[in-house]
Amino acid sequence: MMMKQKRYEALVYALHGNLFRYAFWLCHDRQVAEDLVQETFLRAWKALDSLKEEKAAKAWLITILRRENARRFERKQFDLVDIETTAVPDRKTPGMEQKMENEWLRRHIADLAPEYREPLLLQVIGGFSGEEIAGILDLNKNTVMTRLFRARNQLKEAMEQDTTPRGRSNG
(Lines give C-alpha, C1' and ligand atoms only; values in the text may rest on other atoms or scores of the structure.)
Protein backbone atom coordinates (compact mmCIF):
# COMPACT_ATOMS: atom_id res chain seq x y z
CA MET A 1 0.00 0.00 0.00
CA MET A 2 2.83 2.42 0.88
CA MET A 3 4.51 1.74 -2.48
CA LYS A 4 1.27 2.46 -4.34
CA GLN A 5 0.87 5.73 -2.40
CA LYS A 6 4.40 6.89 -3.29
CA ARG A 7 3.93 5.95 -6.95
CA TYR A 8 0.61 7.81 -7.05
CA GLU A 9 2.03 10.93 -5.38
CA ALA A 10 4.90 10.97 -7.87
CA LEU A 11 2.40 10.85 -10.76
CA VAL A 12 0.30 13.67 -9.31
CA TYR A 13 3.37 15.81 -8.64
CA ALA A 14 4.90 15.25 -12.09
CA LEU A 15 1.78 15.50 -14.26
CA HIS A 16 -0.82 17.69 -12.52
CA GLY A 17 0.23 20.83 -14.43
CA ASN A 18 0.11 19.11 -17.82
CA LEU A 19 -3.29 17.59 -17.11
CA PHE A 20 -4.71 20.89 -15.88
CA ARG A 21 -3.53 22.78 -19.00
CA TYR A 22 -5.06 20.15 -21.27
CA ALA A 23 -8.32 20.07 -19.28
CA PHE A 24 -8.53 23.86 -19.43
CA TRP A 25 -8.16 23.76 -23.22
CA LEU A 26 -10.95 21.20 -23.39
CA CYS A 27 -13.48 23.01 -21.21
CA HIS A 28 -12.31 26.66 -20.94
CA ASP A 29 -13.36 26.80 -17.29
CA ARG A 30 -10.88 26.73 -14.40
CA GLN A 31 -13.26 25.03 -11.93
CA VAL A 32 -14.40 22.37 -14.40
CA ALA A 33 -10.76 21.76 -15.38
CA GLU A 34 -9.81 21.25 -11.71
CA ASP A 35 -12.77 18.87 -11.28
CA LEU A 36 -11.73 16.91 -14.38
CA VAL A 37 -8.15 16.59 -13.14
CA GLN A 38 -9.33 15.54 -9.67
CA GLU A 39 -11.66 12.91 -11.13
CA THR A 40 -8.86 11.74 -13.45
CA PHE A 41 -6.49 11.22 -10.53
CA LEU A 42 -9.22 9.47 -8.52
CA ARG A 43 -9.75 7.00 -11.36
CA ALA A 44 -5.99 6.67 -11.77
CA TRP A 45 -5.65 5.73 -8.09
CA LYS A 46 -8.27 3.01 -8.47
CA ALA A 47 -6.60 1.61 -11.60
CA LEU A 48 -2.95 2.30 -10.75
CA ASP A 49 -2.05 -1.39 -10.81
CA SER A 50 -2.97 -1.49 -14.51
CA LEU A 51 -0.22 1.05 -15.32
CA LYS A 52 2.75 -1.18 -16.11
CA GLU A 53 5.24 1.38 -17.46
CA GLU A 54 5.86 4.78 -15.89
CA LYS A 55 6.76 6.15 -19.36
CA ALA A 56 3.15 5.55 -20.41
CA ALA A 57 1.68 7.43 -17.44
CA LYS A 58 1.11 10.76 -19.19
CA ALA A 59 -0.74 9.22 -22.14
CA TRP A 60 -2.68 6.97 -19.76
CA LEU A 61 -3.80 9.94 -17.65
CA ILE A 62 -4.72 12.06 -20.71
CA THR A 63 -6.85 9.17 -21.95
CA ILE A 64 -8.63 9.00 -18.58
CA LEU A 65 -9.12 12.78 -18.63
CA ARG A 66 -10.61 12.68 -22.14
CA ARG A 67 -13.06 9.99 -21.04
CA GLU A 68 -13.97 12.03 -17.95
CA ASN A 69 -14.62 15.05 -20.13
CA ALA A 70 -16.86 12.96 -22.40
CA ARG A 71 -18.76 11.70 -19.34
CA ARG A 72 -19.61 15.31 -18.42
CA PHE A 73 -21.71 15.53 -21.58
CA GLU A 74 -23.33 12.15 -20.99
CA ARG A 75 -24.52 13.29 -17.55
CA LYS A 76 -25.92 16.69 -18.47
CA GLN A 77 -25.69 19.46 -21.02
CA PHE A 78 -23.52 22.43 -20.13
CA ASP A 79 -23.76 25.93 -21.49
CA LEU A 80 -21.16 26.36 -24.19
CA VAL A 81 -18.45 28.88 -23.47
CA ASP A 82 -17.25 31.14 -26.25
CA ILE A 83 -13.47 30.77 -26.40
CA GLU A 84 -13.05 34.42 -27.36
CA THR A 85 -14.45 35.51 -23.99
CA THR A 86 -12.35 33.04 -22.03
CA ALA A 87 -8.77 33.99 -21.26
CA VAL A 88 -6.14 31.48 -20.22
CA PRO A 89 -4.42 32.98 -17.16
CA ASP A 90 -0.99 34.30 -18.01
CA ARG A 91 1.70 33.95 -15.37
CA LYS A 92 4.46 35.97 -17.05
CA THR A 93 2.58 39.12 -18.11
CA PRO A 94 3.73 39.44 -21.70
CA GLY A 95 3.70 42.74 -23.57
CA MET A 96 0.65 43.89 -25.53
CA GLU A 97 2.04 42.52 -28.79
CA GLN A 98 2.54 39.07 -27.24
CA LYS A 99 -0.96 39.18 -25.73
CA MET A 100 -2.44 39.97 -29.14
CA GLU A 101 -0.43 37.16 -30.73
CA ASN A 102 -1.52 34.67 -28.05
CA GLU A 103 -5.17 35.67 -28.46
CA TRP A 104 -4.89 35.37 -32.25
CA LEU A 105 -3.40 31.89 -31.89
CA ARG A 106 -6.07 30.76 -29.38
CA ARG A 107 -8.83 32.01 -31.66
CA HIS A 108 -7.43 30.30 -34.76
CA ILE A 109 -6.74 27.03 -32.93
CA ALA A 110 -10.32 27.12 -31.62
CA ASP A 111 -11.54 27.59 -35.21
CA LEU A 112 -9.81 24.40 -36.38
CA ALA A 113 -12.03 21.37 -36.90
CA PRO A 114 -11.86 19.06 -33.84
CA GLU A 115 -10.01 16.35 -35.78
CA TYR A 116 -7.17 18.85 -36.35
CA ARG A 117 -7.40 20.82 -33.09
CA GLU A 118 -7.20 17.86 -30.71
CA PRO A 119 -3.98 16.27 -32.03
CA LEU A 120 -2.37 19.73 -32.20
CA LEU A 121 -3.27 20.48 -28.57
CA LEU A 122 -2.01 17.08 -27.45
CA GLN A 123 1.29 17.81 -29.17
CA VAL A 124 1.68 21.46 -28.15
CA ILE A 125 0.21 21.40 -24.64
CA GLY A 126 0.72 17.74 -23.76
CA GLY A 127 4.10 17.34 -25.43
CA PHE A 128 3.09 13.99 -26.91
CA SER A 129 4.75 12.37 -29.92
CA GLY A 130 2.76 11.40 -33.00
CA GLU A 131 2.80 7.78 -31.87
CA GLU A 132 1.52 8.66 -28.39
CA ILE A 133 -1.24 10.85 -29.86
CA ALA A 134 -2.25 7.96 -32.12
CA GLY A 135 -2.62 5.75 -29.05
CA ILE A 136 -4.59 8.35 -27.10
CA LEU A 137 -6.98 9.12 -29.96
CA ASP A 138 -7.11 5.51 -31.17
CA LEU A 139 -5.93 6.49 -34.65
CA ASN A 140 -3.26 5.35 -37.08
CA LYS A 141 0.04 7.26 -36.61
CA ASN A 142 0.01 8.37 -40.28
CA THR A 143 -3.48 9.81 -39.79
CA VAL A 144 -2.26 11.76 -36.76
CA MET A 145 0.79 13.08 -38.63
CA THR A 146 -1.39 14.14 -41.56
CA ARG A 147 -3.81 15.94 -39.22
CA LEU A 148 -0.94 17.71 -37.44
CA PHE A 149 0.49 18.79 -40.80
CA ARG A 150 -2.91 20.08 -41.97
CA ALA A 151 -3.56 21.89 -38.67
CA ARG A 152 -0.23 23.70 -38.92
CA ASN A 153 -0.88 24.55 -42.57
CA GLN A 154 -4.29 25.99 -41.72
CA LEU A 155 -2.72 28.15 -39.00
CA LYS A 156 0.03 29.22 -41.41
CA GLU A 157 -2.54 30.15 -44.08
CA ALA A 158 -4.56 32.12 -41.53
CA MET A 159 -1.40 33.97 -40.50
CA GLU A 160 -0.53 34.79 -44.11
CA GLN A 161 -4.06 36.06 -44.76
CA ASP A 162 -3.99 38.23 -41.65
CA THR A 163 -0.68 39.86 -42.60
CA THR A 164 -1.75 40.66 -46.18
CA PRO A 165 -2.56 44.37 -46.44
CA ARG A 166 -6.23 44.93 -47.20
CA GLY A 167 -7.40 47.76 -49.38
CA ARG A 168 -4.32 49.91 -48.85
CA SER A 169 -3.42 52.30 -51.60
CA ASN A 170 0.10 53.50 -52.25
CA GLY A 171 -0.81 56.99 -53.12
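A salt bridge is a side-chain nitrogen of Lys or Arg within 4 Å of a carboxyl oxygen of Asp or Glu. The model shown here is predicted, so local features need pLDDT of at least 70 and side-chain atom pairs count only at pLDDT 80 or more, while totals for chains, interfaces and linings use all residues. Residues are numbered from 1 along each chain as its sequence is written, and side-chain values use heavy atoms, leaving out hydrogens and water.

**View 1. Glu 68 pairs with Arg 43.** The closest N and O atoms of this salt bridge are 2.2 Å apart. Because Glu 68 lies in helix α3 (residues 57-75) and Arg 43 in helix α2, the pair ties together parts that are 25 residues apart in sequence. Helices here are DSSP runs (H or I, at least four residues), numbered from the N terminus, and strands are E runs of at least two. Glu 68 counts as buried, at 2% relative accessibility, whereas Arg 43 is partly exposed, at 33%. Buried means under 20% relative accessible area, exposed over 50%, and partly exposed in between (1.4 Å probe, protein chains only).

**View 2. Glu 68 also forms a salt bridge with Arg 71.** Here the closest N and O atoms are 2.5 Å apart. Both residues lie in helix α3, three residues apart, which is about one turn of the helix. Salt bridges that share partners join Glu 39, Arg 43, Glu 68 and Arg 71 into one network.

**View 3. Thr 40 sits in helix α2 (residues 30-46).** With 0% relative accessibility, Thr 40 counts as buried. Leaving aside residues up to four places away in sequence, Thr 40 touches Leu 19, Leu 61, Ile 64, Leu 65 and Glu 68. A contact means heavy atoms within 4.5 Å.

**View 4. Helix α1 (residues 2-27) bends by about 55° at Leu 15.** The bend is the angle between axes fitted to the seven residues ending at a residue and the seven starting there. Leu 15 is one of the buried residues of α1, which also include Tyr 8, Leu 11 and Trp 25. After α1 comes His 28, with a positive phi near 60°.

**View 5. Helix α6 (residues 130-137) has buried residues, namely Gly 130, Ile 133, Ala 134, Ile 136 and Leu 137.** They cover an arc of only 165° around the axis, which puts them on the same side of α6. The arc is that of the directions from the helix axis to the C-beta atoms. On the other side of α6, Glu 131 and Gly 135 are exposed.
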